[in-house]
Amino acid sequence: MINKLEIITFHRALSYGASFQTYALQEYIKFLSNADVEIIDYIPKRFTTPYLILHQPSVSSLFKRLIRLIPFFLCKSTEVLLRNRFNRKYLNLTKKVFKSEDELSTYNFNSNFFITGSDQVWNLSLDELDYIKPYFLSFTKDKDIRISYSASFGSSKLANISTSDNIIKDLLNRYHKISVREDSSVDLLKNIGINSIQVLDPTFLLTKFDWGKLAGKRKIKNNYIFIYGLYRNKCLYKLAHKIAQKRNLKIVNLANSYDFCKGAKNKIVVSHEDLLNYISNADYVITDSFHGAALSLNMNRQLFLFPSPRSNERIKSLVRLFNIEYRFIEDYKLLNEVNNWEVEMDYAKINSILEKERQKARFFLQETISSEELS
């Protein structure tokens, strides 16, 4: 019987989705195992507060960088506060904070069961290899049990730096069982001789009723469209206005990055619970966020999904899994031709797929956690 499990994932990323998937996996494993589930508080440099609030994305000129400095600082500082609040309230973090592989390898976790969680934890383009290796459980001992749940490479290629391939392959071969989030990752691993299965993102492991408990009572009285945009794509606004005009709906826009939509209720400081509330009660959700789409599907919302400018494979994999190509606007030139908002999504079929995939995920985790062979 396993008494304690450790999860390592992107719980410190400035992303609602990263927080939600961490919480969902923690809660679901607690439900399955009755074990003490702990999130390893690993903070590589790019997740430290100074880096997050001061490191701006590359811009074309120093002038643009300077005029964006104060809004960027305020925006990121708010996001850090919201993330920290969520982590304190909902996550069972290790008492020690880790900043390197060495610190992790010398610590006594009092557990021999380690799980690499979801999100783009295996995306080798996000950071230096030394900072990514802990997400491959490089710090664990030979006797430890290692599995992954819905881990993502963020692309269909294993590495941009060929010299890292053998290191990563050796680390992956130490795992007892591997599950990944995207169907392309199954093929990627198969090409290097490693077996894996595709499973749901952790946010799907909890039901819409589970998320509803966090969301609380409805906040917006009117019927509305919710825009959850991450990449300042004005096409989301265009579609929202088109549907709002036809259906006489209000528009609520997540404007955490001071990206305002004209004529909408722009919400600047949005807690994690409020975001769940806005999604769960919306008539339509229009998003370019993977987790925004995942939560919308889980809550049976009418959804329109736009591509992400980076790491788009995860969105495409989600679209293929639930057969919702007709709600994925990949070609912006076709935006004016979108009329299928008048047709309700077939949630009988979507929920049937979801339930089948939930059972698959449950079997993977339950079989692994209760396996006498691994214990």
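## Helix α1 against helix α10

Y16, S19 and F20 of α1 meet H272, L275 and L276 of α10, where contact means heavy atoms within 4.5 Å. By class, this contact of α1 with α10 has four nonpolar, two polar and no charged residues. Here Ala, Val, Leu, Ile, Met, Phe, Trp, Tyr, Cys and Pro count as nonpolar, Asp, Glu, Lys and Arg as charged, and the others, Gly among them, as polar.

The model is predicted, and local features need pLDDT of at least 70, side-chain atom pairs pLDDT 80 or more, while totals for chains, interfaces and linings use all residues. Residues are numbered from 1 along each chain as its sequence is written, and side-chain values use heavy atoms, without hydrogens and water.

## Helix α8 against helix α10

Helix α8 (residues 208–215) packs on helix α10 (residues 272–280) at an angle of about 125 degrees, with the axes 8 Å apart. Axes are lines fitted to C-alpha atoms, for helices over the stretch in contact, and angles run from 0 to 180 degrees between N-to-C directions. From α8 the contact takes W211, L214 and A215; from α10 it takes E273, L276, N277 and S280. These residues divide into four nonpolar, two polar and one charged.

## Burial and cores

Nine of the nine residues of α10 are buried, that is, under 20% relative accessible area with a 1.4 Å probe, protein chains only. Among them are D274, Y278 and I279.

The largest nonpolar core has 67 residues, and Y149, W211, F226, L297 and F322 have the most contacts inside it. Apart from that core lies another, of 31 residues, including V121, I132, F136 and F153. A nonpolar core is a set of buried Ala, Val, Leu, Ile, Met, Phe, Trp, Tyr and Cys residues joined through side-chain atoms within 4.5 Å.

Methods. Buried means under 20% relative accessible area, exposed over 50%, partly exposed in between (1.4 Å probe, protein chains only). Helices (H or I, at least four residues) and strands (E, at least two) are DSSP runs, numbered from the N terminus.
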